[in-house]
Amino acid sequence: MLALVVPEGVVLLLVVLALRSSALTAHAGAFVDLYPLGVLVAGVALAWRFERSGVVLGLLVLAAAAGGLAWSTTRQPGVASAMPLVAGVLVPLNLIALGLIRERGLWTREGGVRLVVLIAQAGVVLALLTRGPVDLAPIDFHVLPAWLTRWTGLGDLPLTVHVAAVGLFAVRAFFSGRPIDRGYLWASVGSLLAFSAAPSVATPIATALFATAGLALAIAVVESSYSLAYRDGLTGLPGRRALDEALDRTPGCYTVAMVDIDHFKRFNDRHGHAVGDQVLRMVARVLGKVGGGGRAFRYGGEEFAILFQRKAVDETEPYLERLRSGVEQSHFTVRGRDRPKSKPRQPRKRRSASRLSVTVSIGVSARNGRDLPPMEVVKAADAALYRAKRGGRNRVRCDRAM
């Protein structure tokens, strides 16, 4: 659950606490004025740089909501009361659409259509509200119990849509683990808090909350880019770049174990690359549970690495043997080619399902007291790995010469 909160949820909480402190807000006038503009400019620049057109449009939606609410307070009372109701429905709906629709470039045909749709929405809302009184009875209803709505100034419909958006992105973020889903989750929460800033939603507090909702999206862009650079998308383990940096930051003694899946090419040739990917994920799950303070990495192809900081080879052997045995005992069944995609009314005996047994070979080396470059230690572990393979596979071989 902590992964759903850090860092976007923590940032939003800190901003809410700061805005509730009269001592802080009294001395932060200039900051509160510049904060929304800074978030918008920096967020759009980051999202544009990393080709996140959905985030660009999401930031524009939040900025338009803040600006529209501020504009409505200068109009007739009817406009001032109608804008939160209309925008309170449109903003979460747009966030849902942008968060669910597949990412496209802003200057592609699809990106252009989305931008036009958002501009059209803003134009229609402004046209309706400036023409005169608008009958909002169809969307301004009250059916929820008072104890559910007394904390917010939102009507039932916008509150329901906001809660639906928060719930949807919470489920997506929990199951996907993607930073961008977490960003949309806390952007939806920030938007809900901004619209709920009663009695007047067009206050600097509401504007700052909209800006923080946008900041959650900007942080998610940075987190997503970091994840792409340092984490393997297939297995979820840190990638080779993360290993290189971890080795560079590790002083003194450490041990590196190189792990290779035995006969991996055979899995791909016989069962296809989809099964090969399943094998990689299964092995990664086992390696990710390594004890002894070890940390697993996807090195490349069917090869993994495990780094033990401040441990000699002898100290790591029991943990590596446990991993080797754990992989060997982790069987899984390959779905037969003739198995139907949906369950038939009359089950038939499967003939082509097969149970795979996977093993790994492990080579180990350490830097003990000598100032060796990290890649020399990795090469020594690789050499020990090939000795394990030549010795019959499914075993651990250690290089104690370093």
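This briefing covers the chain as a whole, arginine 310 and the cysteines. The model is predicted: local features need pLDDT of at least 70, side-chain atom pairs count only at pLDDT 80 or more, and totals for chains, interfaces and linings use all residues. Residues are numbered from 1 along each chain as its sequence is written, and side-chain values use heavy atoms, with hydrogens and water left out.

**Chain overview**
- The chain has 16 helices and 7 strands, taken as DSSP runs numbered from the N terminus (helices H or I, at least four residues; strands E, at least two).
- Of the 402 residues, 45% are buried (under 20% relative accessible area, with exposed over 50% and partly exposed in between; 1.4 Å probe, protein chains only).
- Of the contacts between residues at least 6 apart in sequence, 71% join residues at least 24 apart (contact: heavy atoms within 4.5 Å).

**Arginine 310**
- Arginine 310 sits in the loop between β3 (303-309) and α15 (313-328).
- Arginine 310 counts as exposed because its relative accessibility is 62%.
- Neighbours within four places in sequence aside, arginine 310 contacts Cys253, Tyr254 and Glu315.

**Cysteines**
- Cysteine 253 has a relative accessible area of 24%, so it is partly exposed.
- Cysteine 398, at 16%, is buried.
- The whole structure contains 0 disulfides (pairs of cysteine sulfur atoms within 2.5 Å).
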